[in-house]
Amino acid sequence: QVQVVESGGGLVQPGGSLRLSCAASGSIFRINGMGWYRQAPGKQRELVAVIRSVGSTNYADSVKGRFTISRDNAKNTVYLQMFSLKPEDTAVYYCNAEIYSDYRLRNYWGQGTQVTVSS
């Protein structure tokens with residue numbers, strides 16, 4: 001069984017920084033892409049950043065230059081370093097991982113972690 005668990009959310013002032021972590025555990029053969037999504041109240045879930053197994057990345061235009069996604073393959077962990085946070089970054093942040101386990105490739109989601117940017 002595979003689990004994906006996020007951590008690191010919280011309350012931060014505008015202009016501040018936060019680092020989110022997401023660890024996958026269980027019967028994992030291989031992890032392909034890993035990414036972060038977010039959902040603000042009343043809005044659809046949107047892609048924030050994704051990192052592929054080879055290390056290439058993509059970012060939403062709204063976070064380019066402020067957020068950095070990285071991964072530690074040895075720890076099955078993906079990180080999202082967020083700088084210069086704005087109130088509009090407030091949302092529940094979800095981790096997604098495409099994991100090959102038990103001879104099947106599936107998408108797994110974490111439970112979400114709240115990020116609130118407010119003074």
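User: Quick one on Asp-89 and Arg-38: are they buried or exposed?
Analyst: Both of them are buried. Bear in mind that this is a predicted model.

User: What do the side chains of Asp-89 and Arg-38 do with each other?
Analyst: They meet in a salt bridge, 2.9 Å from N to O. The pair links distant parts of the chain: Asp-89 is in the loop between β8 and β9, while Arg-38 is in strand β4, 51 residues apart.

User: How buried is Asp-89, in terms of relative accessible area?
Analyst: Its relative accessible area is 1%, so Asp-89 counts as buried.

User: And which residue does Arg-66 meet in a salt bridge?
Analyst: Arg-66 pairs with Asp-89 through their side chains, at 2.8 Å from N to O. Arg-66 sits in the loop between β6 (57-59) and β7, and Asp-89 in the loop between β8 and β9, so this pair ties together parts 23 residues apart in sequence. Arg-66 has 10% relative accessibility, so it is buried.

User: Which residues are linked in the salt-bridge network?
Analyst: Arg-38, Glu-46, Arg-66 and Asp-89.

User: How many salt bridges does the count come to?
Analyst: Four. One of them is between the side chains of Lys-64 and Asp-61, at 3.1 Å from N to O. Asp-61 has 65% relative accessibility, so it counts as exposed.

User: Why would such side chains pair up?
Analyst: As a general point, side chains of opposite charge can pair when their charged atoms come close.

User: Switching topic. How many disulfides does the structure hold?
Analyst: One. It joins Cys-22 to Cys-95, with the sulfurs 2.1 Å apart.

User: Cys-22 and Cys-95, buried or exposed?
Analyst: Cys-22 is buried, and Cys-95 is buried too.

User: OK, the core. How many residues are in the largest nonpolar one?
Analyst: The largest nonpolar core has 29 residues, and those with the most contacts inside it are Trp-36, Leu-80, Met-82 and Tyr-93.

User: Which elements give two or more residues to this core?
Analyst: β1, β3, β4 (30-39), β5 (46-51), β7, β8 (77-82), β9 (91-101) and β11 (113-117). β9 gives the most, with five residues.

User: What is Met-82 in contact with?
Analyst: Leaving aside neighbours within four places in sequence, Met-82 is in contact with Gly-16, Ser-17, Leu-18, Leu-20, Arg-66, Phe-67, Tyr-93 and Val-115.

User: Last topic, the strands. In what order do the four strands of the open sheet run?
Analyst: The order is β1-β3-β8-β7, with antiparallel pairing. β1 (2-7) and β7 (67-72) are the edge strands, each pairing on one side only. Neighbouring strands of this sheet are turned by 15 degrees against each other on average, direction ignored.

User: How many bridges do β1 and β3 pair over?
Analyst: Six, in the antiparallel sense, with β3 spanning residues 18-26. The bridge partner of Val-5 in β3 is Ala-23.

Notes. Residues are numbered from 1 along each chain as its sequence is written. This is a predicted model: local features need pLDDT of at least 70, side-chain atom pairs count only at pLDDT 80 or more; totals for chains, interfaces and linings use all residues. Side-chain values use heavy atoms; hydrogens and water are left out. Two strands pair if DSSP finds at least two bridges between them. Axes are lines fitted to C-alpha atoms, for helices over the stretch in contact, and angles run from 0 to 180 degrees between N-to-C directions. A nonpolar core is a set of buried Ala, Val, Leu, Ile, Met, Phe, Trp, Tyr and Cys residues joined through side-chain atoms within 4.5 Å. Buried means under 20% relative accessible area, exposed over 50%, partly exposed in between (1.4 Å probe, protein chains only). Contact means heavy atoms within 4.5 Å. A disulfide is a pair of cysteine sulfur atoms within 2.5 Å.
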